[in-house]
Amino acid sequence: MQYFFYGIAGVFLVFQALYTIIPLLCSKVKKLNHDLDEKSISVLVPAYNEELTIKNCIDAMAGLHYGNHEILIINDGSKDGTFSALDELLDLKPDYRRPDHKLAYKSITGFYRSTRYPNIFVIDKLNGGKADSLNAGIDCAASEIMITLDADSMLEADSLKFVNQYFHDQQIIALGGTVKIVQGAEKKNGAIVEKFQGKGLIKSQIINYTHGFYVRKLTQSFFNSIVVISGAFGAFYKDILVQVNGFRSTVGEDIDITLKIHEYIKANRLNKKLVYAPEAVCYTECPENLPNFYKQRIRWQKAFVDCILIYWSRLSHKFTPGVSLFFAIDGFMLGTFSAFTTLFYVGQVLLTGGNVLHAIIFLLISILVNAAQIIISLYLCKKYGSNYSLADYFRMFFFSQMELLTYRNLLLYINIVGTFKYFDNDEGWGFVERKGVAAISQNIPAGSN
């Protein structure tokens, strides 16, 4: 077993080298081109029991710097006051739009238009889950490009312009934007000021998101091997979503749709790609306590296991080598499977006292690699427009080293538990309690990302 562990460690170092070198050498900030024609964009916002957060989302939508777009909020049979809140905020009036009838979803019971914001519509439907709601939105949408957004997400004012600019590249058929933590930002004098603040759990997620997007997503994008376009902020051509039969009702619809599009590209021998657009930014509310954090991350792990079981046998012949390697090796071997082998190896060292030196060496290497990647992610964070203070950057770095022995171990535990809990067969919304943080809910200005 120890030799197998050493093999895993070697592969780990190879991927970490990629995640260290590629973002540093290959990242390039795109300047916004205001002269491009605006492609039509529909922003789809599935909402289930979101009465506390939906106002923030709507306020941010009202401040978008983009003309050719519509907002479709899909109320998925909410049991709280979500629809009443929408009616109060938007002053809804019944409207009519004929669906395309190209995707399957639960029945739509009402279609409404806001009298205050003529480009905002509400679809009221029977409860069917997030994927079902997205399919209803796609089927009713009138635009060329679909943006999927969580109801607690707030778009930065120029985000749609950046999405539009990326889609003017004929090779791009889908992209994911940058997701930032709303609890780590404040609005002062009309500008967004990012701060490394809050509870340790919030700080850990700020670090996690910063590293995950500016290091991991940039690297995967370079190899056209993005494994998941986050459900919190993704953009797709409508016709592609229809071609792959929309979103599958599963615990992890965002991973699934990403892999389905990769599979579609390979099957049709298309010269297309899925990319990460770091300049396009949205803010989302993260869990503030351990029970909700645990619930969210268990759901993410179950989603990954679900896709492993479905796509594993097709990886070698229906996906490009890059997607297969990042999904199977980096995702499964170095994520899920290594959690079990690490636990076994550490237990063996503690019980037998053998290979302690090797364990210490690997731990030191891991710390050095983590430190290097955190420094790079913070550098890229600044490069792409974040305005943390110098003191905050130092605090973020030192906190990231401390969390190696705290929150990072919690994630190891969650990977193991979530793998077993996948077989609970719970594929609902996996609702996480939100408080409706409103720190930057209005007219997020351009250039603040």
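## Packing of helices α2 and α3

In this predicted model, helix α2 (residues 54-62) packs with helix α3 (residues 82-90) at an angle of about 30°, and their axes are 10 Å apart. The crossing of α2 past α3 is right-handed.

On the α2 side, the contact is formed by I54, K55 and I58, and on the α3 side by A85, L86, L89 and L90. By residue class, the contact of α2 with α3 comprises 6 nonpolar residues and 1 charged residue, with no polar residues.

## Burial of strand β2

Strand β2 (residues 69-76) is mostly covered, with 8 of its 8 residues buried. The term buried refers here to a relative accessible area under 20%.

Both faces of β2 are covered. One side carries H69, I71, I73 and N75, while the other carries E70, L72, I74 and D76; all of these residues are buried. Charged side chains are thus found among the buried residues of β2, including E70 and D76.

## Strand pairing around β2

Strand β1 (residues 41-47) runs parallel to β2 and is joined to β2 by 7 bridges. Within this pairing, I41 is placed opposite H69 of β2. H69 is itself one of the buried residues of β2.

Strand β2 is also joined to strand β5 (residues 120-125), by 6 bridges, and these two strands likewise run parallel. The bridge partner of N75 in β5 is D124.

Technical notes. Residues numbered from 1 in each chain as written. Predicted model: local features only at pLDDT ≥ 70, side-chain atom pairs only at ≥ 80, totals over all residues. Heavy atoms only, no water. Axes fitted to C-alpha atoms, helices over the stretch in contact; angles between N-to-C directions. Helix = DSSP H or I, 4+ residues; strand = E, 2+ residues; numbered from the N terminus. Left-handed = near helix turned anticlockwise from the far one by under 90°. Contact = heavy atoms within 4.5 Å. Buried < 20%, exposed > 50% of the residue type's maximum accessible area, 1.4 Å probe, protein only. Pairing = 2+ DSSP bridges.
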